[in-house]
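Take a look at the model below. We will go through a pocket, then an interface.

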Protein chains: 4
Amino acid sequence: MYEELRNEIIRICRLSYDRGHVSAAQGNISARTPDDRGIIIKVSGTSFATITADDLLFVDWEGGVFDSDSMAPSTRQPSMELRFHSWLYPLDDEIGAVVHLHSPYSTAISTNCSSGEIPLIASEARTLLHRVPVIPMYPAGSQLLAEAVHDTFVEDGIMVAVICEHGPVAIGRNLQEAYNHVDNLEHNCMVATYSRLTRLVGTASI
Amino acid sequence: MYEELRNEIIRICRLSYDRGHVSAAQGNISARTPDDRGIIIKVSGTSFATITADDLLFVDWEGGVFDSDSMAPSTRQPSMELRFHSWLYPLDDEIGAVVHLHSPYSTAISTNCSSGEIPLIASEARTLLHRVPVIPMYPAGSQLLAEAVHDTFVEDGIMVAVICEHGPVAIGRNLQEAYNHVDNLEHNCMVATYSRLTRLVGTASI
Amino acid sequence: MYEELRNEIIRICRLSYDRGHVSAAQGNISARTPDDRGIIIKVSGTSFATITADDLLFVDWEGGVFDSDSMAPSTRQPSMELRFHSWLYPLDDEIGAVVHLHSPYSTAISTNCSSGEIPLIASEARTLLHRVPVIPMYPAGSQLLAEAVHDTFVEDGIMVAVICEHGPVAIGRNLQEAYNHVDNLEHNCMVATYSRLTRLVGTASI
Amino acid sequence: MYEELRNEIIRICRLSYDRGHVSAAQGNISARTPDDRGIIIKVSGTSFATITADDLLFVDWEGGVFDSDSMAPSTRQPSMELRFHSWLYPLDDEIGAVVHLHSPYSTAISTNCSSGEIPLIASEARTLLHRVPVIPMYPAGSQLLAEAVHDTFVEDGIMVAVICEHGPVAIGRNLQEAYNHVDNLEHNCMVATYSRLTRLVGTASI
């Protein structure tokens with residue numbers, strides 16, 4: 001079942017990997033099923049570098065785990081971040097996808113944001129992302145992390161936030177939109193890094 | 001109509017995205033039609049990551065908007081930067097294309113150019129680009145921005161300029177030429193960034 | 001013989017090159033044969049940019065060198081780092097592959113680690129890699145280097161280490177797993193570099 | 001004529017572009033013909049992003065210019081750096097190719113090398129490249145530049161050098177070998193840049 005959606009998840013996984021948003025050992029992506037019975041999410045430990053549609057599980061809203069093709073109950077373990085993924089969808093019926101990546105410039109800047117926000121310096125990030133909070137660092141897979149992620153997205157208009165030392169989490173109406181928020185943020189953080197750097201070292205005169 | 005030109009726009013969009021000149025949420029490119037009746041430009045909000053020839057509109061010199069294939073009037077919204085695109089073509093009959101990207105090193109350096117120009121340090125940029133002004137930052141899509149972009153290109157010999165905190169705008173006889181100016185500038189800005197950095201930290205002795 | 005394993009080595013070589021873990025003149029990768037008679041490793045001097053399955057030799061545990069397809073004795077020279085590759089497999093029957101790359105951020109950080117360890121700042125690296133020692137720099141191909149690499153991996157739980165000024169060495173149950181350790185480490189070192197940099201130049205306020 | 005060699009030049013041009021050694025407006029590559037009658041070099045102004053085998057000229061040792069397919073005399077202009085390319089081949093019969101790229105990290109470091117040499121910090125660069133001089137900056141295409149390049153390669157064992165503010169020039173027995181020298185050097189310069197940077201900002205403790 002859900003063949004189209006599963007293929008779209010795989011496409012966004014490969015795109016995320018090819019663009020350098022994750023290493024081969026990182027990241028997870030989920031999407032709400034069109035019938036709104038639950039979400040599709042990957043098996044724990046699967047690499048974006050080699051993932052196929054067979055590595056995707058269906059998890060219903062009660063936490064039941066099924067093979068996403070045959071819909072038979074499965075004993076395979078969903079991604080360790082299932083908790084924060086599944087807690088975000090109830091916030092808004094419009095949320096169709098959650099994309100969590102480890103984009104390096106965004107993650108690096110998150111370690112130094114005493115103000116609790118990523119500085120938005122590039123024009124398109126300011127226009128499209130409004131405000132990007134930094135979520136405090138809790139252990140990967142913990143309930144504390146899931147609560148902190150959930151509480152961050154309760155605020156209206158938050159589309160992407162960054163877990164400190166860990167990486168961005170974005171919501172979107174669909175997979176491409178959630179991915180685009182992360183890609184836009186990472187571009188902004190790359191610009192911010194080199195903007196600060198060229199301010200430090202000076203570029204006005206040669 | 002304009003099938004060849006529309007395919008060329010798509011090719012340059014994908015190239016821009018693959019080379020990292022834009023994130024999946026950014027950028028716009030236009031081209032003058034061979035019959036000089038107007039320009040082809042993308043629908044507002046379309047991502048370079050997924051754009052197809054169906055996402056391109058024809059806009060005539062009076063601002064009429066048409067489907068670029070059927071040429072039927074269209075209610076779809078052209079790119080929010082249509083204004084500065086369409087104002088550049090009348091400056092010179094030779095201008096066949098306008099490429100606006102968010103190239104990160106160029107954008108970063110633009111935030112620190114008190115002299116109002118991007119420093120040209122790399123040989124090929126000095127040879128081919130002569131002078132690259134920084135355009136003051138006005139809101140994306142605003143008339144003020146369109147006026148500032150227009151006024152910058154009135155000066156003879158300007159082929160590319162950078163909107164502060166936003167990114168490069170280039171003109172060219174065709175799409176590849178305009179793209180090449182941006183690519184050359186971005187290479188220069190990457191060299192300038194690391195040149196200043198290695199000057200700061202020292203490389204002469206190990 | 002060993003066609004599947006040889007193809008997998010070629011796949012990981014190309015992946016390593018495409019992801020920027022090596023230049024066209026660098027790196028070597030080996031894998032234990034399924035029959036545990038020895039390892040497959042590349043011919044000395046072959047570039048990852050152009051390597052094919054014909055460039056792979058079989059070396060048995062006694063050091064005999066054979067063509068890995070025909071299994072005829074070969075006079076071709078195995079990689080100059082054969083010594084440290086072949087010394088790692090006897091440490092644990094579970095080691096199926098050794099991946100040695102020159103990942104630039106990891107190599108750069110290794111030159112400044114007075115504490116003898118790579119700082120693990122990114123969440124997934126801390127979770128999956130535990131501890132990443134820096135191995136002192138000895139001449140490429142030397143017995144001293146092979147001994148230092150061997151002695152580092154004697155410690156339980158070490159999956160990847162970095163030879164100072166030279167690059168990472170990882171072990172894994174298979175090629176993809178060993179590669180993933182290097183990819184995860186390189187991502188961490190990229191984050192660590194830009195984390196320190198943005199701390200230096202400041203990002204909290206614009 | 002020379003179909004195989006021309007295809008190999010195109011392959012190395014695309015590789016150079018795809019790996020970021022040049023922007024779409026930069027670089028030139030030449031190769032000695034197998035019959036040693038002269039060299040193949042590209043038409044002036046052709047971009048590596050779009051070059052095809054039709055954009056290659058044959059230039060004999062007396063400077064005669066011919067279409068490299070039909071061998072008919074040609075009025076097209078060879079690359080402006082023809083002079084330094086053609087002056088390098090007579091230095092040694094073993095030189096089969098000259099690769100000149102604008103690799104950004106190498107070019108950046110070249111601007112700060114008061115000692116006249118690129119620091120070789122990465123293991124494989126030290127092993128394979130021995131010594132990499134910095135050539136003083138003269139105008140692109142000038143006789144002074146051609147003389148400076150020539151004089152640099154008179155020294156035995158020099159395989160690659162960097163024109164200040166301009167980029168690397170490498171010689172090799174064939175195109176892949178010359179390219180590999182540039183790729184190895186650029187890797188070294190990337191490592192050197194981040195090595196200095198992490199020394200400045202500190203990485204030993206978190």
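Which element gives the most to the lining of the second largest pocket? In this predicted model, the answer is α6(B), with 4 residues. Other elements of chain B join in. α4 (123-129), α5 (143-154) and β8 (167-172) each supply at least two residues of that lining, as does α6 (175-201).

The second largest pocket has a volume of about 770 Å³. Its lining counts 38 residues, and those closest to the centre are Leu128(B), Met159(B), Arg173(B), Glu177(B) and His181(B). By class, the lining holds 17 polar, 12 nonpolar and 9 charged residues.

Now turn to the interface. Chain A brings 30 residues to the contact, and chain B brings 34 residues. The size of an interface is often given as the accessible area lost when the parts come together. Between chain A and chain B, about 2600 Å² is buried. Carbon and sulfur atoms give 60% of that area.

What polar links join the chains? There are 15 residue pairs in polar contact between chain A and chain B, both residues at pLDDT 80 or more. The salt bridge count is 1. In that salt bridge, the side chain of Arg126(A) meets that of Glu165(B), at 2.8 Å from N to O.

On the side of chain A that touches chain B, the elements giving two or more residues are α1 (3-18), α4 (123-129) and α6 (175-201) of chain A. The most comes from α6(A), with 15 residues. This side of chain A divides into 13 nonpolar, 11 polar and 6 charged residues.

Notes:
Residues are numbered from 1 along each chain as its sequence is written. Chains are lettered from A and ligands numbered from 1 in the order in which they are written. This is a predicted model: local features need pLDDT of at least 70, side-chain atom pairs count only at pLDDT 80 or more; totals for chains, interfaces and linings use all residues. Side-chain values use heavy atoms; hydrogens and water are left out. Contact means heavy atoms within 4.5 Å. Buried area is the accessible area (1.4 Å probe) that two parts lose on being put together, summed over both. A salt bridge is a side-chain nitrogen of Lys or Arg within 4 Å of a carboxyl oxygen of Asp or Glu. A polar contact is a pair of N or O atoms within 3.5 Å; within protein, one must be able to donate a hydrogen and the other to accept it, and residues adjacent in sequence count only if both atoms are side-chain atoms. Ala, Val, Leu, Ile, Met, Phe, Trp, Tyr, Cys and Pro count as nonpolar, Asp, Glu, Lys and Arg as charged, and the others, Gly among them, as polar. On a 1 Å grid over the protein atoms alone, a cavity is a set of points where a 1.4 Å probe fits but cannot get out, and a pocket is an open set with protein on both sides within 12 Å along at least five of seven lines; lining residues have an atom within 4 Å of a point. Grid points are joined across faces, edges and corners, and a volume is the space filled by probe spheres set on the points.
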